[in-house]
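This briefing is intended to be read beside the sequence and the coordinates. Please keep both in view while going through the points below.

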Amino acid sequence: MLQPILMVIHILSAAFIVVLVLIQRGKGADAGAGFGAGASGTVFGARGAATALSRATAILAGVFMVTSLTLAYMGTRTVVSTPNTVLDRLAEQENTVPAPAAPASQPAAPASVPAPAVPAPAVPAPATPAK
C-alpha cells in the first residue's frame, strides 16, 4: 500500500525538479544584461524568485532522495509470500504433503530378486584318443 504512494511522490518530485531547474536563470543570464537583455529578470524581480526557486529545488531534491532510499529499502526487503490464488494454494499443499511411508512391521522388498539356484550341468571330460 505504501509503495505505490511513494512511487507517485517520487515521480512527481522528479518532474517538478526538472521544471524548476529549467525555470531558473543560469549564471550566463547576468552577462546578457550588459548587452541589452536587462528585462530578463523583471518577471519575478531582480533577485526574489531566485531564492524561492532554489529553495523549492533543494526541498524537492531532499524529498526525491528520501523516496529513493525508501523505495530501494522496500525493494530489497524479503517478504514472506502467502498464496493468493487457488493454484498457489494447491502448489503449496503439494509441497508440504509428505510421501506415505512404508509400515515398520513389513520388511522392505529387496532391490533385485536373486536367480534360483540350479546346479550347473556336468560337463564330461574330454576323451583321450586311444593309441
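A residue is called buried when its relative accessible area is under 20%, exposed when over 50%, and partly exposed in between, with a 1.4 Å probe and protein chains only. By this definition Thr57 is buried, because its relative accessibility is 15%. The model is a predicted one, in which local features need pLDDT of at least 70 and side-chain atom pairs count only at pLDDT 80 or more, while totals for chains, interfaces and linings use all residues. Residues are numbered from 1 along each chain as its sequence is written, and side-chain values use heavy atoms, with hydrogens and water left out.

**Overall architecture**

- The protein chain contains 4 helices and 0 strands; helices (H or I, at least four residues) and strands (E, at least two) are DSSP runs, numbered from the N terminus.
- Read from the N terminus, the order of elements is α-α-α-α.
- Of the 131 residues in the protein chain, 10% are buried.
- The protein chain exposes about 11,300 Å², of which carbon and sulfur atoms supply 69%; accessible areas come from the Shrake-Rupley method with a 1.4 Å probe, and for residues only the protein chains shown count as cover.
- Among contacts with a separation of 6 or more in the protein chain, 86% are between residues 24 or more positions apart, a contact being heavy atoms within 4.5 Å.

**Confidence**

- The mean pLDDT of the protein chain is 77, and 60% of its residues reach 70 or more; pLDDT is the predictor's confidence in each residue, from 0 to 100.
- Confidence is highest in helix 1, at a mean of 95, and lowest in helix 2 (residues 28-32), at 60.
- Where pLDDT is low, the predicted coordinates should not be read in detail.

**Nonpolar surface patch**

- Met1, Leu2, Ile5, Ile9, Ile59 and Val63 make up a nonpolar patch on the surface, with about 600 Å² of accessible area together.
- Patches are made of residues with over 30% relative accessible area and no salt bridge, joining like charges within 9 Å and nonpolar side chains (Val, Leu, Ile, Met, Phe, Trp, Tyr) within 5 Å; a salt bridge is a side-chain nitrogen of Lys or Arg within 4 Å of a carboxyl oxygen of Asp or Glu.
- Helix 1 (2-23) and helix 3 (48-76) each contribute at least two residues to the patch, and helix 1 gives the most, with 3 residues.
- Ile9, a member of the patch, belongs to helix 1 and is partly exposed because its relative accessible area is 37%.

- His10 is in helix 1 and counts as buried because its relative accessibility is 15%.
- Not counting residues up to four places away in sequence, His10 touches Phe64, Thr67, Ser68 and Leu71.
- The C-alpha atoms of His10 and Leu71 are 9.0 Å apart in space, although the two are 61 residues apart in sequence.
- Thr67 is part of helix 3, and it counts as buried because its relative accessibility is 5%.
- With residues up to four places away in sequence left out, Thr67 touches Leu6, Ile9 and His10.
- Thr57 is also in helix 3 and, again leaving out residues up to four places away in sequence, touches Leu20, Val21 and Gln24.
- Ile23 lies in helix 1 and is partly exposed because its relative accessibility is 45%.
- Ile23 and Leu53 are separated by 30 residues in sequence and by 8.2 Å in space, C-alpha to C-alpha.

**Polar contacts of two threonines**

- A polar contact is a pair of N or O atoms within 3.5 Å; within protein, one must be able to donate a hydrogen and the other to accept it, and residues adjacent in sequence count only if both atoms are side-chain atoms.
- The side chains of Thr57 and Gln24 are joined by such a contact, at 2.7 Å.
- Thr76, found in helix 3, is exposed because its relative accessible area is 62%.
- The side chain of Thr76 reaches the backbone oxygen of Tyr73 at 3.2 Å.
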